[in-house]
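Please take a moment to look over the sequence and the model below before reading on. The paragraphs that follow move from the outline of the fold to single residues.

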Amino acid sequence: MTEPSLALQGAIVAALKASAALGALIGDRVFDRVPAGAVKPYIRIGDDQVIPDPAECFERSAEVFATLDVFSSAVGKPEAKRIAGAIVDALDHAHLDLGPDWTL
């Protein structure tokens with residue numbers, strides 16, 4: 001069985017890279033390990049936390065908290081905030097496919 005934060009990370013990355021609005025702002029620069037010399041702006045998949053949530057109706061369940069970090073070289077915060085808004089738009093109410101082991 002896949003670890004739930006790994007399944008969620010894959011679904012989040014797929015949804016972010018599929019967003020045309022986000023792509024216009026950062027291209028396909030979504031990383032879990034930022035390569036040396038990466039061009040800004042970009043999104044880094046940050047830390048996550050998995051909290052087991054046993055319930056009678058599920059074989060196995062958990063709450064997963066994921067952190068997404070936005071990096072920008074632009075002066076001030078407007079560029080980073082536009083990217084953050086596009087992240088919310090890409091993920092809010094998105095159908096995230098977590099594979100065969102997990103559902104959202």
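Begin with α3, in a model that is predicted, and look at the face of this helix turned away from its buried side, where the exposed residues K81, V88 and D89 are carried. The buried residues of α3, by contrast, are I83, A86, I87 and A90. They cover an arc of only 105° around the axis, which puts them on the same side of α3.

What do the buried residues of α3 pack against? Their partners are the helices α1 (4-18) and α2 (20-26), together with the strands β2 (42-52) and β3 (62-71).

A86 lies in α3 and has a relative accessible area of 9%, and since a residue under 20% is called buried, A86 is buried. If residues up to four places away in sequence are not counted, A86 touches L22 and L25. The C-alpha atoms of A86 and V30 are separated by 13 Å, although these two residues are 56 residues apart along the chain.

Now step back to the whole chain. How many helices and strands does the protein chain have? There are three helices and three strands, and from the N terminus on they run in the order α-α-β-β-β-α. Taken along the principal axes, the C-alpha atoms fill a box of roughly 50 × 25 × 20 Å. Of the 104 residues of the chain, 26% count as buried. Among contacts between residues at least 6 apart in sequence, 51% join residues at least 24 apart.

The helix α1 can be examined in the way that α3 was. With 15 residues at 1.5 Å a residue, α1 should span 21 Å, and its end C-alpha atoms are 21 Å apart, which agrees. The buried residues of α1 are P4, S5, A7, L8, A11, I12, V13, A15 and L16, and they pack against α2, β1, β2, β3 and α3.

Rolling a probe the size of a water molecule over the atoms shows where empty space is left. In this model, the count comes to one cavity of 30 Å³ or more, and about 50 Å³ of space lies in the largest cavity. Which residues line the largest cavity? The lining is made up of S5, L8, Q9, I12, I45, G46, D47, D48, V64, A66 and T67, and the elements that give two or more residues to this lining are α1, β2 and β3.

R29 is found in the loop between α2 and β1 (30-31), where, leaving aside residues up to four places away in sequence, R29 touches V39, K40, P41, Y42 and I43. The C-alpha atoms of R29 and L104 are separated by 25 Å, and these residues are 75 residues apart along the chain. P41, one of the residues that R29 touches, lies in the loop between β1 and β2, and the peptide bond from K40 to P41 is cis, with omega near 5°. S61 lies in the loop between β2 and β3 and is buried, with a relative accessible area of 17%. Not counting residues up to four places away in sequence, S61 touches P52, D53, P54, A55 and W102.

The last stop is H93, which is found in the segment after α3. H93 has a positive phi of about 65° although it is not a glycine. Most residues other than glycine have a negative phi, and most peptide bonds are trans. Is H93 buried or exposed? Its relative accessibility is 77%, and therefore H93 counts as exposed.

Conventions:
Residues numbered from 1 in each chain as written. Predicted model: local features only at pLDDT ≥ 70, side-chain atom pairs only at ≥ 80, totals over all residues. Heavy atoms only, no water. Buried < 20%, exposed > 50% of the residue type's maximum accessible area, 1.4 Å probe, protein only. Helix = DSSP H or I, 4+ residues; strand = E, 2+ residues; numbered from the N terminus. Arc of directions from axis to C-beta. Contact = heavy atoms within 4.5 Å. 1 Å grid on protein atoms, 1.4 Å probe; cavity = no way out; pocket = protein on both sides within 12 Å on 5 of 7 lines; lining within 4 Å. Points joined across faces, edges and corners; volume = space filled by probe spheres on them. Expected span 1.5 Å × (residues − 1).
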